[in-house]
Amino acid sequence: MASPVKWTAIVLTCTNKDWAQALQKELEIRQEKGYIDKDVFLLTVEDPKQNVGSGGASINALLTVAEYISAQHGYTVLNPDVLQKTKILILHVGRTYLYDPCGRPFVTLPIKYKAPHCDGLLTVLDIYLKLVTDKIAVKAGPGVWVCSTDVLLTVPENAEIPWEPCDAAAITVPSTPQYCRAHGVYKLDPDGFVEDIFFRENLPMLEKCERPDGKVPVVTGLVYLSDAVVEKMMSFYMKPPLDACTYFGVDSGEPPIQLSLFFDVMLSMTTKVIEEDFVSGKRSGSYGKENVDPVSRKTMQAARAILWKDLNGFKIKACMIENGSFFYPYTITEHRNNFLQKMLWPNCPKGIFTWSKQTHSFIATGCSVEESSYLINSIIEGKVNVGPKSIISHCHLKGNINIGKDSFISGLNMEDSKSQRLFNFPDSIVVQGFNINLPTLGMTRNVLTVHGQFDNCMMPQWKSVCTFCNEQLLVLLARTGIKQEELWASDVPVDDQTIMTARMFPVFHATDKVGLKEILWLSGALDDKDTSILHRWRFSWRLSLREILDLVDLKEEFNWKRQLFYDVSQKEILLTLRENKNKGFRHVYNSAVIEGFTDPILNTLDTVATDHTNELQAGIEARTLANIADVLGCMAGPKGGLRSGPAANKSWAKAFNLLENRQIVQGVAALAKERANWLQRPDTLIRAARHYEGAAQILIRHAVMTAKQFFKTKPGEKMAMGQWVVAECPARIDISGGWSDTPPITYEHGGAVTTVALLINGRRPIGAKARLIKEPQIELVIHGESGEKKVICQELSHLEDYFQPHAPGALLKAAFVCTEIVDLKSSIPLSDQLMATYGGGFELHSWTNLPHGSGLGTSSILAGAVMAALLTAAGINCDVKGLIHSVLYLEQLLTTGGGWQDQVGGLMGGVFLGLSEAKLPLYVDPVDLNIKPEIIQEFNMRLVLIYTGKTRLARNLLQDVVRNWYARNPQIVDTEDSLVELAQECAKGFIDGNLDVVGDCMSRYWGMKKLMAPGCETTLIGKLMADARPHASGMCMAGAGGGGFLYVLAKNAECKELIKSHVATIDESEGVQIYDAVVDMEGLKITVQQVWVE
């Protein structure tokens, strides 16, 4: 498939000079969001005068963009050569459109990107731009594409574009002669070149253009002009009277002329039109008709003579897209069909977009929308009921409202409505709100309009078929008391007296508010028994639909749609966080940065963060603070630096202390106050984001600490002074499900992990021992690879750094706090506390025989061993399930975080399935799978444990995973679902004795780990796995990956030896080695002895 077009420039043209700035902003926003390539030059060009036509607008746009590109290249005067080898797209924003104040190209569609970097409303323009860029224009050479955005062209995803090199190309699709009576048609020769172009011709003439299948090639409004043609057209700004359609000519005092792109410019390149007919205006041109004055006719003949001379040597090739279609929405029925019949859906690649009847909308509890209806960028609150096949777009409806079937409601804002009365909108009604600019008053005003689905707004009122709100106009006048002369002034010609020109819609009243009541009264939905509404209507300043369309304030219309989009987003954020739904908003935050809506987003998040003060809601608060960090990170962008980093600046200490003390409302307020000082630069924004993540970690700790209630102790046998209690534990490997046990995922999503406990080289590699000593102090001894380290604690202050993981003996100190053997908040000295309760102090040792960063759960299992030894030495009993929860609590005290799978595997022994539900308090249920001895024996026979020689770095991986989880990255959410399912599948494989299933689960598990933490498979790991794969049923890295141990389940004993022999060939300097490993069925083992046996 060809690559998308790399445009040099994209140009929008518009007839209204007041719209140019607003349109330019819309283009620039799309570029910032990535919808348009960042290197494309964007330009909005207003027509030099009204009615220069599509041809004149195209020539003027070419001139203007050439000037800008010349300036970019350093020229001080226009150099037409800059357009050589360029690819330019000109999009004409055409006439005003009754059913969207922003025009046809900016009609919002019920579609969205499946996985967007930025979110936002997608319009006809966005889909049309993608269609031309990604499909239609990909094979064309340098030149200019010109597109009308008034017509809608659809091309199926699998359709071929039969492109051929040419001077000019007319993109066309087959259509029926009947439909094309209101449009343009190409007449083609047998070779596909355009002989003639007809517009609104009769059927006999159109039948001459028919193909054998009876279809005709319709003018779609999309053409390509090669470099050679563009060079000729560029010269027109210097050739009177053609220069009059550019701003050069207008600025030189030339009267403007009107040129049609198709029936003046393109017609001159057809092969069967003769020069005399073309120049005279006999064929299709605006000039040359009987009602054109002689001076204008003469001017146009001169212009057409130049067009013929310069362009007639070129030929137009038709590019017929056989499966394409074309339509021009004009009536409300055609506009509604764009949605109800999904007219533009063929243009949307299914892997990229989704079509949804409820897009960017919020439906409050108590409201209902029929399944066949559409809700686009809207909010409905209160008791709003929407009937079948109705379309609600860009509305905020609030109150007791019934909307009938087949209706179209757009731009209606009832957010501030306090009325309790029932508003009934009739069936088949069209109610719209327009923001109009009143230049004489220097203000913008919102005005409401109404008419019926079956009204022909261009029908003269004198015809009996003229209707308003689906009833004859005469019936309206009789029902309301309105007089005909109140709608049309006497100087309005009878044939121009239509619904479009009727001054029907009130804008101002001297004393009263006018708006919805008058609209419902006009529609027949509201009675006016006392004629008060008629009186108010009669004495209001009113406008017609045509006048309203001419006064549309485009900037305010875009602002309203944008404001409503972020109002919807804020409501979704509130609901999602409060109800803990799996939906992320990073794409919204990215868009809010671009469009200037970060302040309301941050305020909304501040509100959610202070909703709950119960510790069982700490998870919601933590997620909310993490979302604020995400917003700040998006605001910083790539210039801010890395998201991970320190978060202990003293400026944030007050807020952190309040959160630590569970003063959530005050803490969040303090965070927001400090945040305001860090918003000025990208680097300070990133630092603020880090501190918000640090604040979230405090609340995660609070959430996980709810597990403490399942750490229950009771008095046990008192140990004799000096009597050693030794606790030893196996290592563990996570066979499936890891990451689902990690806070906050485990209590927001629910977790399941299948673990196996292992003896390493015939020993339990992790242990601790404790004893009572006579001295009223705490002696800590940490045994490590570099020897032993002793720490003596004689005062409470010596224990206060327990929460600093790198402080000497931090884990052992945290154990004394966790078990409440020592009370750091007490005013009683440490020695007195120890003597009063235990008659002396404690000596506590810890050790592990595994490499640092092994991935075998060392730190958490060691915490369990330390707790078991210390509690037993203190004469306190606790079962193993209680110890599992105590380790969760201890690791939060230690601020190292961590899940629960390690202690389940290392303390329980054997093969277990650990489970946790998506709720607080956090409870872990270890389920013994009771595997048959012969299956354990086979597992031992097939297991290969390989140390990679590299240290596993889990902390940075963990930060990224938690950050992506809080952002509800769809891939992470889906993977978490799969991890839990896989753990259950793996457990069943063990129970069934099918180790090949277990092996397959191991390999799939590794694939999921790589999705959770990209980069965890190093080159060395990849090589080890590739060597082992032909001989293995499955394999996985222990823990998070990136280093540590690789475990492989060989297909059989012979394959195990082959794998070991492969490992033996690796250079010793890599540090790779085989460890003996077998399943330990016992788990935590506690022994009491007088001396410590080495």
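Me: Contact here means heavy atoms within 4.5 Å, and with that in mind, among contacts in the protein between residues at least 6 apart in sequence, what percentage join residues at least 24 apart?

Reply: This is a predicted model, and in it 70% of the contacts between residues at least 6 apart in sequence join residues at least 24 apart.

Me: OK, and how many residues does the protein have, and what percentage of them count as buried?

Reply: The protein has 1094 residues, and 59% of them count as buried. As for its extent, the C-alpha trace spans about 120 × 75 × 60 Å along its principal axes.

Me: How many helices and strands are there?

Reply: There are 35 helices and 45 strands in the protein.

Me: Let's pick a pair of helices, then. At what angle do the axes of H21 and H22 cross?

Reply: Helix H21, which covers residues 653-660, and helix H22, which covers residues 664-675, have axes that cross at roughly 160° and come within 8 Å of each other. Angles over 145 degrees count as roughly antiparallel, and H21 and H22 are therefore roughly antiparallel to each other. The crossing in which H21 passes H22 is left-handed.

Me: Which residues make that contact between H21 and H22?

Reply: On the H21 side they are Ala655, Phe656, Leu658 and Leu659, while H22 brings Ile664, Gln666, Gly667, Val668, Ala670 and Leu671. Sorted by class, the residues of this contact are 8 nonpolar and 2 polar, with no charged ones.

Me: And H17 with H18, at what angle do they pack?

Reply: Helix H17 (residues 554-578) and helix H18 (residues 586-595) pack at about 145°, and their axes are 12 Å apart. The crossing of H17 and H18 is left-handed.

Me: Which residues of H17 and H18 meet there?

Reply: Arg562, Tyr566, Ser569 and Ile573 of H17 meet Val588, Tyr589, Ser591, Ala592 and Glu595 of H18. The contact of H17 with H18 has 5 nonpolar, 2 polar and 2 charged residues.

Me: Changing topic, how many disulfides does the structure hold?

Reply: The structure holds 0 disulfides. Cys166, for instance, is in no disulfide, and the nearest cysteine sulfur, that of Cys319, is 8.1 Å away.

Me: Are Cys466 and Cys166 buried or exposed?

Reply: Cys466 is buried, with a relative accessible area of 2%. Cys166 also counts as buried, at 18% relative accessibility, since the cut-off is under 20%.

Me: What about the backbone, which peptide bonds are cis?

Reply: The peptide bond from Pro240 to Pro241 is cis, with omega near 0°, and Pro241 lies in the loop between helices H6 and H7. Another cis bond, also with omega near 0°, runs from Leu920 to Pro921, and Pro921 lies in the loop between strands S38 and S39. For context, most peptide bonds are trans, and most residues other than glycine have a negative phi.

Me: Which residues have a positive phi although they are not glycine?

Reply: Asn377 is one of them, with a phi of about 50°, and Glu820 is another, with a phi near 60°. Asn377 is found in the loop between strands S17 and S18, whereas Glu820 is found in the loop between helices H25 and H26.

Me: Are Asn377 and Glu820 buried or exposed?

Reply: Asn377 is buried, with a relative accessible area of 0%, while Glu820 counts as exposed at 54% relative accessibility.

Me: Last one: leaving aside its neighbours within four places in sequence, which residues is Lys139 in contact with?

Reply: Lys139, in the loop between helix H3 and strand S5, is in contact with Ile161 and Trp163 once those neighbours are set aside. Lys139 and Ile161 are 22 residues apart in sequence, and from C-alpha to C-alpha they are 8.7 Å apart in space.

Key: Residues are numbered from 1 along each chain as its sequence is written. This is a predicted model: local features need pLDDT of at least 70, side-chain atom pairs count only at pLDDT 80 or more; totals for chains, interfaces and linings use all residues. Side-chain values use heavy atoms; hydrogens and water are left out. A disulfide is a pair of cysteine sulfur atoms within 2.5 Å. Buried means under 20% relative accessible area, exposed over 50%, partly exposed in between (1.4 Å probe, protein chains only). Axes are lines fitted to C-alpha atoms, for helices over the stretch in contact, and angles run from 0 to 180 degrees between N-to-C directions. Helices (H or I, at least four residues) and strands (E, at least two) are DSSP runs, numbered from the N terminus. Angles under 35 degrees count as roughly parallel, over 145 as roughly antiparallel, 65 to 115 as roughly perpendicular and the rest as oblique. A crossing is left-handed if the near helix is turned anticlockwise from the far one by less than a right angle, and right-handed if clockwise. Contact means heavy atoms within 4.5 Å. Ala, Val, Leu, Ile, Met, Phe, Trp, Tyr, Cys and Pro count as nonpolar, Asp, Glu, Lys and Arg as charged, and the others, Gly among them, as polar.
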